Amino acid sequence: MILVWLIVLLLAAGPVAWMLERRESQWSRWIALGALAIDLVLALILWTEREATVSLSNQGVWLADLSIPWIPRFGITFHLALDGLSLLLVLLTIFLGVTAVAASWTEIRERAGFFYFNLLWVLAGVLGVFLAMDLFLFFVFWEVMLVPMYFLISVWGHEHRVYAAVKFFLFTQAGSLLMLIAILGLTFIHTQQTGVVTFDYQQLLGTTMDQTVALWLMLGFFAAFAVKLPAVPFHAWLPDAHTEAPTGGSVILAGLLLKTGAYGLIRFAVPLFPDAAQAFAPVAMVLGMVGILYGAVLAFAQTDLKRLVAYSSISHLGFVLLGVFSWNAIALEGAVMQMLAHGITTGALFILAGALQERLGTRDMRRMGGLWATVPRFGAITLVFSIASLGLPGSGNFLGEFLVLLGSYRANVLVTVLAALGLVAAVIYSLAIMQRIFHGPAGESWTAPDLSTRDLVTLGAMIAVQVWLGLYPQPVLDTAGQALQNLRGFGEVTVLISRR
Amino acid sequence: MLDLLWLVPALPLLGFLALAVAGGWFSRRTIALIGVGSVGLSLAVAGLVGFAFTGLSGTPGRPYDQILWTWLQISGFGPTIGFYLDSLSLVMMLVITLVGFLIHLYSAEFMLDHGKEPAPAGLGRAGGIGQAGVSAPAGQAGENDSGYRRFFAYMNLFVVAMLTLVLADNLLLLYLGWEGVGLCSYLLIGFWYRDPANGAAAQKAFIVTRLGDVALAIGLFVLLTHLGTLNIQDLMARAAEQWPVGSGLATIAAFLLLGGAIGKSAQLPLQTWLPDAMAGPTPVSALIHAATMVTAGMYLIARTHVLYSLAPTAQAAVAVIGAVTLLLAACSALVQRDIKRVLAYSTISQIGYMFLALGVGAWAAALFHFTTHAFFKALLFLAAGVVIRSLHEEHDIYRMGGLRHALPVTFWTFLIGAASLAGFPLVTAGFYSKDWILWEAWASPLGSPWLWGAGLCGAFLTALYSFRLVFNVFFGEAKAEAGSRPGLMMKGPLIVLAAGSLVAGFLEVPRVLGDVSLFSEFTHSVLPSFETATSVTTESALQIVTMLAALLGISVAYVLFLRRPGLVTAVIGTAWGSALSRFWIEGWGFDRLYDTWFVRPFLWVAQANKDDLIDQVYSGLAWLIRQFFAVLHRTQTGQVRWYAAILAAGSVVIVALVVLS
């Protein structure tokens, strides 16, 4: 039941935050923070309980499982389940949710109640995506994420917010539509073969079908996830959306929504169609490699700080795509580590960018320079996350990228070597952040307050998590490991079945 | 006592954290106390550990592996956070903590008035990626104390990373230290951040070395995939077991590690970042860009020497790279005007000697030269720092002169350093280490007269450029008034390092001259040596030639730069002379080459694709749809006569189609 509470709490807190705004405008942010804090405690309880029962749970696939019939006629159930992979992403969701609320604390003044309503509902949607084990339910949550996010961008965004929001909506929706067709197709084939109508993930696993059909269905899923990830060339919505969104929205977009794409690949696209995925893997790995380099070169060229960080996301998520389609234990662990570390690092960079914009009123780096003297704490913390972003050992980003490349080396040497050049490109754009904003001669004579205590607490916590991921990652690797092994198992089992 | 090993890197780490988190509340005195004290304590612990390791007899004990925790563990890949102590890492650790402590002590005084003042833009500094050079703005006011704190925080962090690099028991942890020193190098080169030229130099250093690091990382993938571990000792054992001499995988792996080594150690063709790195404060140049970090490549190859023994091609490449680098860099050192750039090229050249030694299998000789070089090169930089400071940021040696009266301690210590660098026979440490390398280059089974000849030419050039500095800076007429004099905290380290530059050589004295082999015996268990069949007569003949090369270099320097300075001017006056000297000043045109081939194309592509061509395609699609909409939209005029006309026309067309088909 705890799984339902995680989601329902946020769904319920949303309207409350909205309503109470009329009473007292301060209340809504406290409600949002409170709801997320309770969620965080619940999720941590889940994790510690799991640690206690880790030796027992090896046989079962799920750490928590809940299934309630919903529309029995079409075999649709309200099926939520949690394994290590979902657990880590749930924790990331709630943690970044808290930081997003903290980052919006003073930024959002207009219609704050409605803002927090949307924020909480996006987060609820993301949680649902990570927990749903019924494909229909998954699709519902997939859409629940989308609409509030659209409002977050189009209402509280910056100059070109409406353009960015519509672009975001169109790209995502086009991908979703293809996925819906693929879901229906898969269910249809399964029904033909077994006579049972079901959308349940576990029952659909191992459905055998013609190779061509499998490839098309897999591509349907891949389309939705590749847009969200984003994989080049489906990334065009991302720079606009990330740049125009308010700080909290950017944190959630980069930290979480992109991860739903990666999660979808690991959970659905590959295990449901293992053979098709294997055939498609070389293409996907090349796309990942191209994304790494293409995003990095574009990031360097930007003059808008948020745009630079946005393009760096494309580069970082390229590693995830590369790792997922290498589909071995090391590469998958690396992909998961990269997802978590990228969520923290990029989230923090967006918080910093937002705080800078709040102080200076601009994101244009050509007008900045020499700010270290004015705001040294700002500079120091940006430095920490810039070097995490370039993958310095000691950060989670390094382990993520190292493990992905180590794993992909076994799958494809040439692609790995080219992708490794992304490590050089990452240095170029990450150091450019420092040089253009904090070093060099003073651009204009800015006077701005340094980071507040609230910012320092938020960002300090993010640094702590990042260093923990980088130097003592074993708890995280273990938590993900069992789930990934099971997922790989699905793949192998179905391969065996289909070959018989 | 050995289990205190972890404290050696942990103490400076504590210092870094204290300065980074709470440094804002500290006075300068406290900052210096923490910054210098943490490294001092680390040195003390390192000494204790070293004593425990060798015991009273002075022979190394059994290697000691201290595992703190398992870093990660996935499907058989389980690197640890663990430190490994044997005679190789012990020598490295002691040199790093000792030289590091002395330089920290020196900095406590040196940085007092330098925390706020930017160095003037250097001479002929080439720009990398980033903005073009702009003259330095005056003063970094308002940032005074935080600069002092920032400096010691970064320096402490550097010592942590460097110690991690040499103590790591596996290549992944080594890689952590490897990248960590690169980060600190970047931070400290760009320490005076207001000047964009410093920022460019800092970024160039990070980017160029990262290229090497990527090769190293791929090397780790190869080793781990094919040998199944990254623990260095296991790795070497398995490599020797599974790979025959000359095997393809061993060669590839050795070349990839070499890629990392040449990046970090500024060897051809990735040497271009080091001269620009002189933009950092002088103590930084002394510690990072002379004594310790840049020798990391030497350490890596010495540490994995088993692998190189399996890959003769790669090892030969090491020797050739070393020989060519030492010559090219020595020529460039000969013509620089900026005192720090002379020393920078000299560092590249001396590391070339170390690579030459590694390439001919003289592992211990390379380590020995690292040790003596750490003393005399740190000394030269620190003394140069005194000179520069005293002449108000003057870097140009032609605007110095006659300083031996004004700065006597600095003069004598600099002279000792330069003599050691030049390999002045019998009394200096540099002579013994260089002589050992040259001897091995001749006598080792992997050596050749060519390599020896290159080293010998280098020895002559080294003596020439070292004493060019001495004569120009300290002799002749005084061209500028010496300002501030160094205090005790700056003189002390100079004197200690000078002593080291003299006596360190007596640890290893060749057969003819006294036959001491303390150093090679101490390191023998880790770094094996060749049995050579060459006779004592040949050896002494070669030694005499080496001595003569050094003495000749010094004499020529005396004639050219003190007695007859007109000669040099005349040579440079000729068309050939001026072209050659400009070519050498620019470091053989590498910067220009890379700028044309790599930097500009990259910048062009980045600029051309700034707005993301793929996005433009989508925008084009959207535009097309809007045009289509606009066309259709125009048909909806609301005028009935138009609708009727189109209806009629459509009907006619359809009827015509039906009738005619």
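**Loops of chain B, and what lies around them**

Modeller: Let's start at B:Asp612, which sits in the loop between helix H25 (590–608) and helix H26 (613–635) of chain B; helices here are DSSP runs of H or I with at least four residues, strands are runs of E with at least two, and both are numbered from the N terminus. Before going further, please keep in mind that this is a predicted model, in which local features need pLDDT of at least 70 and side-chain atom pairs count only at pLDDT 80 or more, while totals for chains, interfaces and linings use all residues. Residues are numbered from 1 along each chain as its sequence is written, and chains are lettered from A and ligands numbered from 1 in the order in which they are written.

B:Asp612 is not a glycine, yet its phi is positive, about 65 degrees. Because B:Asp612 has 23 C-beta neighbours inside 10 Å, it counts as buried; the cut-offs are 20 or more other C-beta atoms within 10 Å for buried, 12 or fewer for exposed and anything in between for partly exposed, with C-beta atoms placed from the backbone.

B:Ala266 counts as buried because it has 29 C-beta neighbours inside 10 Å. The loop between helix H8 (248–264) and helix H9 (273–276) of chain B also holds B:Pro269, which is joined to B:Leu268 by a cis peptide bond with omega about 0 degrees. Chain A has a cis peptide bond between A:Leu229 and A:Pro230, with omega about -10 degrees, and A:Pro230 lies in the loop between H8 and helix H9 (237–244) of chain A.

Now for the helices of chain B, which has 27 of them along with four strands. Two packed helices are described by the angle between their axes and the distance between the axes. H13 (residues 312–335) and H19 (residues 449–474) of chain B have axes that come within 9 Å and cross at roughly 25 degrees; axes are lines fitted to C-alpha atoms, for helices over the stretch in contact, with angles from 0 to 180 degrees between N-to-C directions. H13(B) and H19(B) are therefore roughly parallel to each other, the classes being roughly parallel under 35 degrees, roughly antiparallel over 145, roughly perpendicular from 65 to 115 and oblique for the rest. Residues making the contact include B:Ala323 and B:Leu327 of H13(B) and B:Gly458 and B:Leu461 of H19(B); two residues are in contact if their C-beta atoms, placed from the backbone, lie within 7 Å. By class, the residues of this contact of H13(B) with H19(B) are 14 nonpolar, three polar and one charged. Here Ala, Val, Leu, Ile, Met, Phe, Trp, Tyr, Cys and Pro count as nonpolar, Asp, Glu, Lys and Arg as charged, and the others, Gly among them, as polar.

A second pair in chain B is H18 (residues 429–443) and H22 (residues 536–563), whose axes come within 10 Å and cross at roughly 130 degrees. That angle makes H18(B) oblique to H22(B). Among the residues in the contact are B:Trp439 and B:Trp442 of H18(B), and B:Leu542 and B:Gln543 of H22(B). The contact of H18(B) with H22(B) divides into four nonpolar, two polar and two charged residues.

Stepping back, buried residues make up 56% of the 661 residues in chain B, and the C-alpha atoms of chain B fill a box of roughly 120 × 65 × 60 Å along the principal axes.

Chain B also meets chain A: 38 residues of chain A are in contact with 44 residues of chain B. H17(A) gives the most to the side of chain A that touches chain B, with six residues. That side has 30 nonpolar, six polar and two charged residues. A:Ile387, found in helix H14 of chain A, touches B:Leu183 as well as A:Leu392 and A:Ser430, leaving out residues up to four places away in sequence. With 25 C-beta neighbours inside 10 Å, A:Ile387 counts as buried.
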